[in-house]
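Hi,

Here is the structure I promised to pass on. Have a look at it first, and then read my notes below.

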Amino acid sequence: MSDHNQVKITPMDYSKDRPTAENPLKIEDLTFRDGHQSLFATRGRTEDMIPVAEMMDEVGFWAVEMWGGATFDTMHRFLNEDPWERIRTLKRYMTKTPFSMLLRAQNLVGYRNYADDLARAFVERAAENGMDIFRTFDALNDYRNFETVVSVIKEYGKHFQGCICYSMTEPRMGGEVYNIDYYVSKAKDLEAMGADSICIKDMAGLIAPYDVYEIVKALKAAVSPPIHLHSHFTSGMASMSHLKAIEAGVDIIDTCMSPYAFRTSHPAVEPLVMALLGTNRDTGFDIKHLAKINVILEKEAMPKYKHLLDDSKVSIIDINVLLHQTPGGMLSNLVNQLREMDALHKIDDVYKELPRVRKELGQVPLVTPTSQIVGIQTVNNVLFDDEDERYKMITAQVKDLCYGLYGKTAVPIDPDVQKKALKGYERGEEPITCRPAEVLEPELEKAKEDVKDLAQDLDDIITYAIYPITGKRFLKWKYGHEDPPPEAKPRTLEEINAEDELVKLAKLGRLVKKVEKKAPPKTDALRTFSVFVNDEYFEVGVEEPGGSPIISYIQQMPVQPPVSAPAPAAAPAPPRPAAPAPPRPAAPAPPKPAAPAPPKPAEPAPALAAVEGTPLKAPMPGMIVKYQKQVGDAVSKGETMVILEAMKMENALTAPADGTVKAINFSSGDSVAKDDVLCVIE
Ligand code: CO
């Protein structure tokens, strides 16, 4: 290869007025979107972007990315900011640099495929509010999910950037699925759809320098739209990959301003500007101007967010990404879920099961939402399967995937897994092969009707349509029907300085430490007593460390529902549990013997574990989405009783036996712990 190094160095004056390079590298800045999304949970506020907005507009970026799914979600959910307003506000300060957004194709800025009427309205309103470049991706690289949004982007004369999600099955590019031919053929598909540019989207930082070199070379030879590289720093390879991509002739590269760079974010712009200085790919950026922006970001913005940075380890790279190809966010979710289940020791089983599940589910790329779908199903398999049966607990999202609701997978889904997943599936047992949105009913009119008393314009309606619960709550905040919670208010620099002072004092050992009594660990000496107070029965564990008895735990288990207010108890009050809180279920507090409560009408007592019959226990901690059955309903074994949401995935829990529902212990929206009895069948 004689032309492998296209970068030429020309001796020149390196001042800011240096001559324009022959083929300057274009840069898209991600500070206002992926930067704060990657480093501090997308909590960046518009007010912290404004102080540098005009200066950023002067840099000469090809585009500034400032909007996307996570920004839309976080702004209205946590920050009490109207996402649409951010586009209009920043546009007032940034008149020259095009704005770019990350669009989840038919998933828009949410987590499911929306109907075509909503998708059209969303893109129209984004364009009208000032969006210029629509970076569009689909988690399965199924470009049928692009069709509706792309037609609107084109109608509005905006820039359609098509993404290829970068994925691997081997330690390096290659293998049967994600090889060089795959990427070339995807790029050709995008060109045929009218892509104005093509982005290699490496969301997990997996792309290796020599692989990206090969891809960029191949794409430059195969298609004509400019080639753009988006690679996260996560694994530590991205700076090297950037340079190799530049040598291969990449047109545009994504970076962040240095305070918002590295770790799971992106390489910083400044070293790249310096590295290319005086070459034929010189960006032409004024490094001193960049330095001025950095000072403001560092001193005025970062202090408000640094508490959100993950400082759990010193290393700024994550080699798990290289070992297991699990994106950073996905890995921490898996670890959290295992920890909640007291099953962290099974992490190696999860690593082993993950490639198997991914392959069975069609070797999908691991990116939102497929990374979650594959990850949670893997954990379910590790925790609940046995030697005789796999996929014992299949999430609703895996069922949707098997049905074809997300689109076409890279390889066919394992037919046995698919058949099992679709048994009794509500939309049908036969998977679809058409474009997923074709089976979706229009939804915009219903959304309009739902919030006709609250929404003032189409933007409001769309916010609600995509986020029905949090969107509606936001509209109430926005129009003064409800007060936003105090934590939605921005933190001020004064508050931060005061906190920093406290931290300093603590580090010097000058803060008085609050002494907290911790419950001692239970030992073999623990003895269990049954205690009866009126109609209520308590199981109390007692043990003696050095003389005086200490109550280790207390669990209330009424034998039968109390029928009226308790009379002043003759028995001594049940001992208060020592911290921590008693195990669930959180039953009403034990009656106080001294103060007789005024007679209350008999309320049905919560039916608890003591009801006789076969209990259905929560196999994992989570939130009750809904019960499918009511007390008194007849059920047969295997029928869905409860939908439990864990880690954003829905799990259908089925009846453990034939019989009648005797008790239902929680309701929709309740959080439950592992092993809580959700209902009882007799
Ligand atoms: Co990204």
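**Cysteines**

Let's start with cysteine 679, which is buried, with a relative accessible area of 0%. Keep in mind as you read that this is a predicted model. Cysteine 402 has a relative accessibility of 1%, so it counts as buried too. How many disulfides does a search of the whole structure find? The answer is zero. In case the term is new to you, a disulfide is a covalent bond between the sulfur atoms of two cysteines.

**The metal site**

Next, zoom in on the cobalt ion. Which residues coordinate it? They are Asp34 through OD, His230 through NE2 and His232 through NE2, at 2.0 to 2.2 Å. Along the sequence, these donor residues follow the spacing D-x195-H-x1-H. Aspartate 34 and histidine 232 link distant parts of the chain, as they sit 198 residues apart. You'll find aspartate 34 in helix 1 (residues 31-40), while histidine 232 lies in the loop between strand 7 (227-231) and helix 9 (238-247). Both aspartate 34 and histidine 232 are buried.

**A lysine to look at**

Now find lysine 201, which belongs to strand 6 (residues 197-202). Lysine 201 is buried, yet it has no salt bridge. Where is the nearest side chain of opposite charge? That is aspartate 34, and it is 5.8 Å away; a salt bridge would need the charged atoms within 4 Å. Leaving aside residues up to four places away in sequence, lysine 201 touches several others, among them His230, Phe137, Tyr166 and Val367.

Four of them form an open sheet in the order 16-15-13-18, with antiparallel pairing. Strand 16 (649-654) and strand 18 (671-672) are at the edges with a single partner strand each, so one side of each has no neighbour in the sheet. For strand 18, two bridges join it to strand 13 (residues 622-627), and methionine 623 has serine 671 as its bridge partner.

Strand 17 (residues 659-664) pairs with strand 14 (residues 634-635) over two bridges, in the antiparallel sense. One to look for is alanine 634, whose bridge partner in strand 17 is threonine 660. Strand 17 is also joined to strand 19 (residues 677-681), by three bridges and again antiparallel. There, alanine 663 stands opposite valine 680.

Happy browsing!

Technical notes
Residues are numbered from 1 along each chain as its sequence is written. This is a predicted model: local features need pLDDT of at least 70, side-chain atom pairs count only at pLDDT 80 or more; totals for chains, interfaces and linings use all residues. Side-chain values use heavy atoms; hydrogens and water are left out. Donors are N, O and S atoms within 2.8 Å of the metal (3.2 Å for Na, K and Ca); water is not among the atoms, so sites may look incomplete. Helices (H or I, at least four residues) and strands (E, at least two) are DSSP runs, numbered from the N terminus. Buried means under 20% relative accessible area, exposed over 50%, partly exposed in between (1.4 Å probe, protein chains only). Two strands pair if DSSP finds at least two bridges between them. Lys and Arg count as positive and Asp and Glu as negative; His and the chain ends are not counted. Contact means heavy atoms within 4.5 Å. A disulfide is a pair of cysteine sulfur atoms within 2.5 Å.
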